[in-house]
Amino acid sequence: MVKLNKIYTRTGDDGTTGLGTGARRLKSDIRIDAYGTVDEANACIGMARVHTAGSHPEIDAMLGRIQHDLFDLGADLCVPDEGKPLGYDPLRIVASQVARLEAEIDLLNKDLQPLRSFVLSGGSPAAAALHLARTVARRAERIMVALAQDPQEQVNPEGIKYINRVSDFLFVAARVVNDNGNADVLWVPGKNR
């Protein structure tokens, strides 16, 4: 269990932060950017839940599970597997979390009509908030993939799969809260030429 008694420690005043391994990294480090952006996506989902809590309880419950998983993903990224004993088993995203999310995507998507155009962010407030969360999740994914390309860094492949599915889930959920896609705002190519 996490226990936070003191919110400021002054240890980051030099522009560094501590990983779960105890190592210090610059706050501008790509690993810190990765789990910071995962946290940002989580905050956006929290804002979306303001709109889904009363109107779409099933989706809201799914979003709540995703928020917990995103904290797991942040913990996973915060403790890179450096092959050194830690004295504890670090929290990792596992295949069953990815599979659960895929099942939830399939459940939500089954009654939606196939798209014939790209969807613009908008429609209902809930859909707009879910689309914003989706774009932040995609940014987190891009940063995680860039981190994984560095031969000096380790990234859990299940974590990359998970964040990819999160953005897919958010897209489908946005369509569902937009009256099952009937209120989607569709892109019209060249509309303003």
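Me: What is the relative accessible area of Trp187?
Reply: Residues are sorted by relative accessible area (under 20% is buried, over 50% exposed, and in between partly exposed, with a 1.4 Å probe and protein chains only). Trp187 has a value of 39%, so it is partly exposed. Please note that this is a predicted model, in which local features need pLDDT of at least 70 and side-chain atom pairs pLDDT 80 or more, while totals for chains, interfaces and linings use all residues. Residues are numbered from 1 along each chain as its sequence is written, and side-chain values use heavy atoms, without hydrogens and water.

Me: Which residue forms an aromatic pair with Trp187?
Reply: A pair of aromatic rings is described by the distance of the centres and the angle of the planes. Rings of Phe, Tyr and Trp (its six-membered ring) pair if their centres lie within 6.5 Å; planes under 30 degrees apart are stacked, over 60 edge-to-face, and the rest tilted. The structure has 1 such pair. Its partners are Phe118 and Trp187, with 5.7 Å between the centres and 50° between the planes, a tilted arrangement.

Me: Where do Phe118 and Trp187 lie?
Reply: Helices (H or I, at least four residues) and strands (E, at least two) are DSSP runs, numbered from the N terminus. Phe118 is in the loop between α3 and β3 (119–120), and Trp187 is in the segment after β4 (185–186), so the pair ties together parts 69 residues apart in sequence. Phe118 counts as exposed because its relative accessibility is 61%.

Me: How many helices and strands does the protein chain have?
Reply: The protein chain has 5 helices and 4 strands. From the N terminus on, their order is β-β-α-α-α-β-α-α-β. Of its 193 residues, 41% are buried.

Me: At what angle do α2 and α3 pack?
Reply: Two packed helices are described by the angle between their axes and the distance between the axes. Axes are lines fitted to C-alpha atoms, for helices over the stretch in contact, and angles run from 0 to 180 degrees between N-to-C directions. For α2 and α3 the angle is about 155° and the axes are 12 Å apart. The two helices are therefore roughly antiparallel (over 145 degrees; under 35 is roughly parallel, 65 to 115 roughly perpendicular, the rest oblique).

Me: Which residues of α2 meet α3?
Reply: Contact means heavy atoms within 4.5 Å. On the α2 side, Glu58, Ile59, Met62, Arg65, Ile66, Asp69 and Asp72 take part, and they meet Gln97, Arg100, Leu101, Glu104, Leu107 and Leu108 of α3. By class, there are 6 nonpolar, 1 polar and 6 charged residues in this contact (Ala, Val, Leu, Ile, Met, Phe, Trp, Tyr, Cys and Pro are nonpolar; Asp, Glu, Lys and Arg charged; the others, Gly among them, polar).

Me: How do the axes of α2 and α5 cross?
Reply: The axes of α2 and α5 (residues 157–177) come within 11 Å and cross at roughly 160°, which means that these helices are roughly antiparallel. Among the contacting residues are Leu63 and Leu70 of α2 and Tyr162 and Phe169 of α5. The contact of α2 with α5 holds 14 nonpolar, 1 polar and 1 charged residues.

Me: Which residues does Leu91 touch?
Reply: Leu91 is in the loop between α2 (57–78) and α3 (95–109). Leaving out residues up to four places away in sequence, Leu91 touches Asp72, Ala75 and Asp76. At 43% relative accessibility, Leu91 is partly exposed.
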